[in-house]
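The sequence and the structure come first.

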Amino acid sequence: MVACSGAATTTGTTTTSTNTSVPDLFKAFGNGVTVTVDGNFVVVKSTGVPDHKSPYFGTGNAKYEAYNGTNPSFVINPNVIATQSLTFRIPITPTALTTPSPTPLGPIGVAINGVPIFNQYAANNQPLTGEINSFDQYNGHPQMSGMYHYHVEPTWITRTSRAVLIGVLLDGYPVYGPMENGALVASSSLDAAHGHFVVTPEFPSGVYHYHTTSDAPYINGSGFHGSPGTVTQ
C-alpha cells in the first residue's frame with residue numbers, strides 16, 4: 001500500500017499514529033475509528049456503531065429511523081445495535097495467495113465508518129436469500145450480540161458516488177462500490193475472489209481490489225485474495 005510518514009494526522013474523526021507510517025488508504029476512515037501501525041500491521045479500532053440512522057437503534061434512540069427503503073419484503077429482526085470493541089490487524093503490505101483463503105463467518109473486513117463487513121453467508125453458511133430482507137435502508141443489520149454489519153453494498157457510504165472506497169478486507173486489499181470508470185462492474189468481469197487489478201483514485205499505479213455487486217457473492221467470492229490479518233472483539 002502507498003504510505004505516508006510524519007507527525008500525527010487527523011482526518012475527520014480518524015486519528016493516525018504519531019511516530020510511524022500509516023497507509024494513505026486509511027485516511028478515508030472516520031466515525032471515531034482509530035488507525036495506528038504496529039510492526040507490519042495497520043491496527044484499526046472501532047465501536048462498530050454506524051454513522052447513520054437505522055430502525056435497529058430502537059425507538060428510544062436519537063439515531064432511530066423507521067425503515068424507509070425500497071424492499072417491500074423488509075422484516076426487522078429482533079436484534080438492536082450495540083457498541084462493540086473491535087480491533088482489526090490488517091497487513092500493511094498485502095501478500096497475494098496462490099489460492100484464495102476461505103473467509104469465516106463474522107467480520108472479514110471493516111468499512112470506512114468502522115462498521116464490520118461480513119461475507120456472503122448468513123448463519124450456518126446459508127445463502128443470504130432470506131436474511132437479505134432484514135437489511136435496513138442502508139443495507140446493514142445487527143446480529144444477536146448487536147454487532148451491526150454489511151454483507152452487501154453499504155448505500156450510506158455510496159450515497160454520493162457508487163465508485164467510492166468502501167473499506168478494507170482483513171487481507172489488506174480495498175473494497176470499492178459497484179461502479180468503475182462510469183459503468184457498473186459485472187461479477188463476470190471479476191476473479192473468483194470477486195476482485196481485479198485496476199487503477200483507482202487512491203492507487204494511480206493500480207491495485208488489486210474487490211467490488212460490491214448487486215448479485216452474489218456481493219463483496220467477496222471464494223475467499224481472501226491475500227493472506228488475512230486478524231480481528232478481535
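The model is predicted, so local features need pLDDT of at least 70 and side-chain atom pairs count only at pLDDT 80 or more, while totals for chains, interfaces and linings use all residues. Residues are numbered from 1 along each chain as its sequence is written, and side-chain values use heavy atoms, with hydrogens and water left out.

**Aromatic contacts**

Rings of Phe, Tyr and Trp (its six-membered ring) pair if their centres lie within 6.5 Å; planes under 30 degrees apart are stacked, over 60 edge-to-face, and the rest tilted. The count under this rule is 6 aromatic pairs. In one of them, Y173 and Y208, the ring centres are 5.1 Å apart and the planes stand at 75 degrees, so the pair is edge-to-face. Y173 belongs to the loop between β15 (165-169) and β16 (174-176), and Y208 to strand β20 (residues 203-211), so the pair ties together parts that are 35 residues apart in sequence. Strands here are DSSP runs (E, at least two residues), numbered from the N terminus. Y173 is buried at 9% relative accessible area, and Y208 is buried at 7%; buried means under 20%, exposed over 50%, and partly exposed in between, with a 1.4 Å probe and protein chains only. Ring pairs join Y173, Y208 and Y210 in a cluster.

The charged end of R159 sits over the ring of W156, 3.7 Å from its centre (the criterion is NZ of Lys or CZ of Arg within 6 Å of the ring centre and within 35 degrees of the ring normal).

**Pockets**

A pocket is an open set of points on a 1 Å grid over the protein atoms alone, where a 1.4 Å probe fits, with protein on both sides within 12 Å along at least five of seven lines; lining residues have an atom within 4 Å of a point. A volume is the space filled by probe spheres set on the points, which are joined across faces, edges and corners. In the classes, Ala, Val, Leu, Ile, Met, Phe, Trp, Tyr, Cys and Pro are nonpolar, Asp, Glu, Lys and Arg charged, and the others, Gly among them, polar.

| Pocket | Volume | Lining by class |
|---|---|---|
| Largest pocket | about 340 Å³ | 5 nonpolar, 8 polar, 3 charged residues |
| Second largest pocket | about 270 Å³ | 7 nonpolar, 8 polar, 1 charged residues |

Of the 16 residues lining the largest pocket, T70, N139, V152, E153 and T155 lie nearest its centre. The second largest pocket is lined by 16 residues, with A122, A123, E131, Q143 and H149 nearest its centre. The elements giving two or more residues to that lining are β11 (121-122) and β13 (140-142).

**G39**

G39 lies in the loop between β5 (34-38) and β6 (41-46) and is exposed at 57% relative accessibility. G39 and P91 are 52 residues apart in sequence and 9.3 Å apart in space, C-alpha to C-alpha.

Note on methods: Helices (H or I, at least four residues) and strands (E, at least two) are DSSP runs, numbered from the N terminus.
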